[in-house]
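Have a go at each task before you read its solution.

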Amino acid sequence: MSDIQIIVTKGAYDNDDAYNCVLGYISQKAYLGGYGFCCIPGLSVIEQFKKSETASNYSGSRKVWHFYVTFLEAWKVTALLEICVQTAKLFSADYQVMFALDLEGREPHLHFGVNAFSYHPDTPILSDKIMGKYLKYIQTLLSQQYPNKTVTLIFK
Amino acid sequence: MKKSKRVDLRLTPEEKQFLKQQAQEQDMTVSEYTWHCIINNAGKKTHEQQITDSLAENRILNALLLHPDLSNKTKKIITEEIKQYV
């Protein structure tokens, strides 16, 4: 098993409650952050994600992407949060993203929920191809930052 | 006050017809309906603008999560606050 694993969860995520499921799950974790939403009464973060789908000039079945990063051993919270923010920032110019750090269990997990629909109506959806490029870039970035660690990208 | 000023609007025949229909449905003149739409939408942000504006708030919250002087307990409190809006 490699030191760092980027795991993309299989699934169409095309169901009506996909945003609720992914963002609801992520938001239960110990530390939470992200880009592309505001904390205001009356319009939840989930509703803000949904509005991007409604406003988009593109159509697609997938509503949201969910991937997580696991570590073979315990890391400092600050170092893990830095990876969270750095990774989420990559999507932020075009896509809303929520991240969470999960410290339950033996290995820390970083969870990411990325909207498949851009908040810019004329920006294409986050297709398999585009997401593949993002994930490959994240893998490369982590490999460069932690040269003594092995980083793998897994779809399961 | 007397409304004496004019504004020219260039539209396609279809757009003009649509505007007239919308005004009639609201029992307004085209001038009244056009002004009504402007007033009701003035200052309203698009979703895109709202999300773009929210990035500044996100940067602050994310920076607090990374701040070396804040304890993990404080960062968890920040998280609990964010959770209320999910």
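**Exercise 1.** Find which residues Ser56(A) is in contact with, leaving aside its neighbours within four places in sequence, and work out whether Ser56(A) is buried or exposed.

*Solution.* Start with contact, which means heavy atoms within 4.5 Å. With those neighbours set aside, Ser56(A) touches Phe117(A) and Pro121(A). Next, find its place in the chain: Ser56(A) sits in the loop between H2 and strand E3 (64–71) of chain A. Helices (H or I, at least four residues) and strands (E, at least two) are DSSP runs, numbered from the N terminus. Finally, Ser56(A) counts as buried because its relative accessibility is 11% (buried is under 20% relative accessible area, exposed over 50%, partly exposed in between; 1.4 Å probe, protein chains only).

A quick note on the model: it's predicted, so local features need pLDDT of at least 70 and side-chain atom pairs count only at pLDDT 80 or more, while totals for chains, interfaces and linings use all residues. Residues are numbered from 1 along each chain as its sequence is written, chains are lettered from A and ligands numbered from 1 in the order in which they are written, and side-chain values use heavy atoms, with hydrogens and water left out.

**Exercise 2.** Describe how chain A and chain B meet: how many residues of each are in contact, and what area is buried between them?

*Solution.* Count residues: 35 of chain A are in contact with 21 of chain B. Now the area: about 2500 Å² is buried, with carbon and sulfur atoms giving 65% (buried area is the accessible area, 1.4 Å probe, that two parts lose on being put together, summed over both). Then see what chain A brings: strand E2 (31–35), helix H2 (45–55), helix H3 (77–92) and strand E4 (97–102) each supply at least two residues of its side that touches chain B.
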